[in-house]
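Please walk through this structure with me, from a single side-chain contact to the helices and cores.

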Amino acid sequence: MSSPSNTAAGVTARLPAPPVCSHNEWDPLEEVVVGRLEGATFPSRHPIVTCNVPTWAGRLQGLVAGLPYPRALVEPALEELDRFIVLLRSLGVTVRRPDPVEHRRRHATPDWSSRGFANSCPRDSLLVIGDEIIETPMAWPCRYYEAFSYRALIKDYFRRGARWTAAPKPQLTDDLFDDDYRIPRAGGPVRYLTTEFEPVFDAADFVRAGRDLFAQRSNVTNRMGIEWLRRHLGPGHRIHEIESRCRTPMHIDTTFLPLAPGKVLVNPEYVDVDRLPAVLDGWDVLIAPEPDPLPDRLLKITSLCGKWLSMNVLVVDGHRVIAERHHTGMLRALERWGFDPVPCDLMHYAPFGGSFHCATLDVRRRGALESYFP
């Protein structure tokens with residue numbers, strides 16, 4: 001006679017962990033997707049690319065558009081990325097990678113054609129909410145098919161029980177872009193290149209705090225995109241909009257980033273703390289210190305991001321926070337705020353779109369869906 005099951009004997013059977021489960025930015029990290037640099041190509045010419053950089057940088061970008069990134073940029077970034085992956089694994093985190101892609105290949109729709117960019121930042125094209133992976137409707141034509149490089153991973157997660165959704169693929173015709181757009185002057189009203197022609201958003205314009213998400217309107221995320229996600233998630237979640245004073249806003253994780261229940265890191269240049277959503281009353285608002293100056297002139301010229309990448313940290317478990325070794329001011333501030341900073345190098349990733357938060361997609365964190373606000 002076979003022995004009784006654990007359940008029948010009064011012992012609760014342990015169910016296998018769900019393949020995808022991430023509700024916030026701080027629960028213990030168990031599995032993460034880390035981007036790749038192989039095949040990276042300078043973004044193709046388009047106003048949506050150059051609107052986020054100074055005029056001189058836009059002219060420089062136009063000269064190299066569609067060409068592969070040179071070894072002088074790729075190799076130091078690859079070395080840092082490899083060490084970052086070793087660090088994650090040493091912390092007990094499972095690391096998954098997208099397929100390598102030759103991004104210089106041209107792709108097209110009936111309305112336009114473009115070369116690609118890179119799959120360096122999975123945080124942009126994929127959004128994880130609980131057990132669901134959402135492919136986002138990105139506004140850069142050169143990133144139109146970027147999520148395809150993650151399809152092998154997504155199909156594996158789907159076969160093991162995850163939910164898989166794709167937001168409506170945007171047309172990206174001229175109607176989506178404001179012909180009269182100019183970067184606003186300092187102190188002037190914020191303007192956006194994208195119109196409300198159709199929903200567009202990057203996942204990196206959202207951060208999660210359980211049943212509440214925080215979003216920013218940006219040059220790649222319009223209000224129609226925020227509303228699409230709000231309706232898709234339904235009444236079980238709330239989306240609060242953060243007002244950014246950045247003249248060229250793109251991605252919230254250098255503006256506003258929850259680090260733990262009751263603690264949120266904010267950029268004092270981009271955020272008026274007196275105008276944060278009322279739901280944050282009672283939370284500790286941690287003011288990010290001024291970033292340390294970049295020591296490398298080449299990085300200053302080629303970075304696709306602003307100086308506030310010092311904020312682009314990755315929380316491992318609510319206490320340990322991976323942060324850029326160069327930004328000593330941020331490391332000291334994290335210690336003052338009660339965190340355990342884990343220094344790591346990823347400064348040379350900036351020409352490819354980000355740092356630790358951008359370069360990763362947390363697929364599984366150990367924790368349940370909760371509400372951290374009244």
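Over the ring of which residue does the charged end of K169 sit? The ring is that of Y144, and the charged end of K169 sits 4.7 Å from its centre. A charge counts as over a ring if NZ of Lys or CZ of Arg is within 6 Å of the ring centre and within 35 degrees of the ring normal.

The model is predicted: local features need pLDDT of at least 70, side-chain atom pairs count only at pLDDT 80 or more, and totals for chains, interfaces and linings use all residues. Residues are numbered from 1 along each chain as its sequence is written, and side-chain values use heavy atoms, with hydrogens and water left out.

Turn to helix 3, residues 71–90. Helices (H or I, at least four residues) and strands (E, at least two) are DSSP runs, numbered from the N terminus. Helix 3 has 20 residues and reaches 28 Å from its first C-alpha to its last. That is close to the 28 Å expected at 1.5 Å a residue, where the expected span is 1.5 Å times one less than the number of residues.

Its buried residues are L73, V74, A77, E80, L81, F84, I85, L87 and L88. They lie on the same side of helix 3 because they cover an arc of only 155° around the axis. The arc is taken from the directions from the helix axis to the C-beta atoms. On the other side, R71, A72, V86, R89 and S90 are exposed. Buried means under 20% relative accessible area, exposed over 50%, partly exposed in between (1.4 Å probe, protein chains only). Just after helix 3, G92 takes a positive phi of about 85°.

The largest nonpolar core has 44 residues. Such a core is a set of buried Ala, Val, Leu, Ile, Met, Phe, Trp, Tyr and Cys residues joined through side-chain atoms within 4.5 Å. I48, Y69, L81, F84, L88, I322 and F352 touch the most other members. Two or more residues each come from strand 1 (29–34), helix 1 (47–50), helix 3 and strand 16 (340–344). Helix 3 gives the largest share, eight residues. Leaving aside residues up to four places away in sequence, L81 touches V34, G35, L37, R97, L346 and Y349, with contact meaning heavy atoms within 4.5 Å.

Apart from this core lies another, of 36 residues, including F214, L265, V313 and F373.

Two of those names return among the aromatic pairs. The whole structure holds 16 such pairs. Rings of Phe, Tyr and Trp (its six-membered ring) pair if their centres lie within 6.5 Å; planes under 30 degrees apart count as stacked, over 60 as edge-to-face and the rest as tilted. The ring centres of F214 and F373 are 5.9 Å apart and their planes stand at 70°, so this pair is edge-to-face. It links distant parts of the chain: F214 is in strand 9, F373 in the segment after strand 17 (360–365), 159 residues apart. Both F214 and F373 are buried. F373 also pairs with W283, and here the rings are stacked, 4.8 Å centre to centre with 15° between the planes. W283 is buried too. Ring pairs link W26, F214, F256, W283, Y372 and F373 into a cluster.
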